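Subject: Structure handover

Hello,

I am passing the structure over to you below. My notes on it come after, so that you can read them next to the coordinates.

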Amino acid sequence: MAIIHWDAIICFVMSGIASMYILQQIDDKIAYSRARVSDINDIISDSTEVDRVTEEYLVAKSDVVKIRRESDILQGEIDVLTSKKSDCENRLYSGLVSNPKELRDLETQGVSLASRITELENKKIDLMISEEEKEKLEENCKLAMDDVIRSKEQLVFELNEELNVLKDGMLAYDAERDVALNSVDDVYLREYEGKKSKVGGTAVVLVVDGVCKGCGLMVATSNVQDARSGTKLVACDGCSRFLYVK
Ligand SMILES: [Zn+2]
């Protein structure tokens, strides 16, 4: 018949919950690092702001090209009409036309062409004003885009540095975890893993001043005493996590 050494069992249990708590702390650090790595990757791959300012710049640039094209077309029309007007005037004052009706027609045509040219020149002035405004907008959009791209590049550089630190840290935590696992009995490890998956990450929590740090609930004095003694696993009535008292 096996002889039960109660002191040894108590020590084993105490070391069990303490080891579980140490394992929990390492797992917390690993979980934090993984979450941060995931967040960083999301931030790095998020191009929403860069895409937005790039799109604004491209639209502004396209507007400038468009208005310059309109202006060129208008100038072409003005040139054609000016040439026609000049031909008309040359013929009118050439002395070659003596027919009164033709002279009147040429005069009327000249006045009409002059009026149309003035109209188009006014339109051209409006277009030039608008072109200047759109060029200014394009310049501002370019500055804003360059600024956002520069900031993103700086941010990505800093985040990549942080990623390297996190990855080194995670390697160290993995090694720490391997060591810590040696101190946790298989039965406790199963309890620990089961609780972790049940409550979502944190299986062991501290009791500080009689309060569970997992859910903030006051822990019954008898439970605090049991948790402190370490003679058995004590679960919080509020969040059902295992309680550890330092
Ligand atoms: Zn709790």
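The notes below go from the overall form to single residues.

The model is predicted. The pLDDT of the protein averages 92, and 94% of the residues score at least 70. Residues 1-14 are another matter: there the pLDDT is below 50, and the stretch has 6 contacts in the model beyond near neighbours in sequence. Where pLDDT is low, the predicted coordinates should not be read in detail.

Overall form

The radius of gyration is 42 Å, whereas a compact globule of 246 residues would come out near 18 Å. The C-alpha trace spans about 145 × 35 × 25 Å along its principal axes. Of the 246 residues, 15% are buried. Contacts between residues at least 6 apart in sequence are in 71% of cases between residues at least 24 apart.

There are two domains in the assignment: domain 1 takes in 6-44 + 185-244, and domain 2 covers 47-154. Their C-alpha centres are 75 Å apart.

Secondary structure and sheet

The protein has 5 helices and 3 strands, in the order α-α-α-α-β-β-α-β from the N terminus. The 3 strands make an open sheet with mixed pairing, ordered S2-S1-S3. Strand S2 (211-212) and strand S3 (242-244) are the edges, each pairing on one side only. Strand S1 (residues 204-208) runs parallel to S3, with 3 bridges between the two. In this pair, Val204 sits opposite Phe242 of S3.

Core

Which residues touch the most other members of the largest nonpolar core? They are Met20, Val204, Phe242, Leu243 and Tyr244, out of 20 residues in that core. At least two core residues come from each of helix H1 (6-45), helix H4 (186-199), S1 and S3. H1 gives the largest share, with 4 residues.

Leaving out residues up to four places away in sequence, Tyr244 touches Ile17, Tyr21, Val204, Val205, Leu206, Val207 and Ala227.

Loop residues

Thr202 is in the loop between H4 and S1. Thr202 has 17 other C-beta atoms within 10 Å, so it counts as partly exposed; a buried residue would need 20 or more. Asp27 is 175 residues away from Thr202 in sequence, yet the two C-alpha atoms are 8.5 Å apart in space. Not counting residues up to four places away in sequence, the contacts of Thr202 are Gln24, Asp28, Gly214 and Arg241.

Asp209 lies in the loop between S1 and S2. Its phi is near 50°, which is a positive value in a residue other than glycine.

Ser240 belongs to the loop between helix H5 (221-229) and S3. Here too phi is positive in a residue other than glycine, with a value near 65° for Ser240. With 13 other C-beta atoms within 10 Å, Ser240 is partly exposed.

Regards

Methods: Residues are numbered from 1 along each chain as its sequence is written. This is a predicted model: local features need pLDDT of at least 70, side-chain atom pairs count only at pLDDT 80 or more; totals for chains, interfaces and linings use all residues. Two strands pair if DSSP finds at least two bridges between them. A nonpolar core is a set of buried Ala, Val, Leu, Ile, Met, Phe, Trp, Tyr and Cys residues joined through C-beta atoms within 7 Å. A residue is buried if 20 or more other C-beta atoms lie within 10 Å of its own, exposed if 12 or fewer, and partly exposed in between; C-beta atoms are placed from the backbone. Two residues are in contact if their C-beta atoms, placed from the backbone, lie within 7 Å. Domain bounds come from an automatic or database domain assignment. pLDDT is the predictor's confidence in each residue, from 0 to 100. The radius of gyration is taken over C-alpha atoms; the globule rule is 2.2 Å times the number of residues to the power 0.38.
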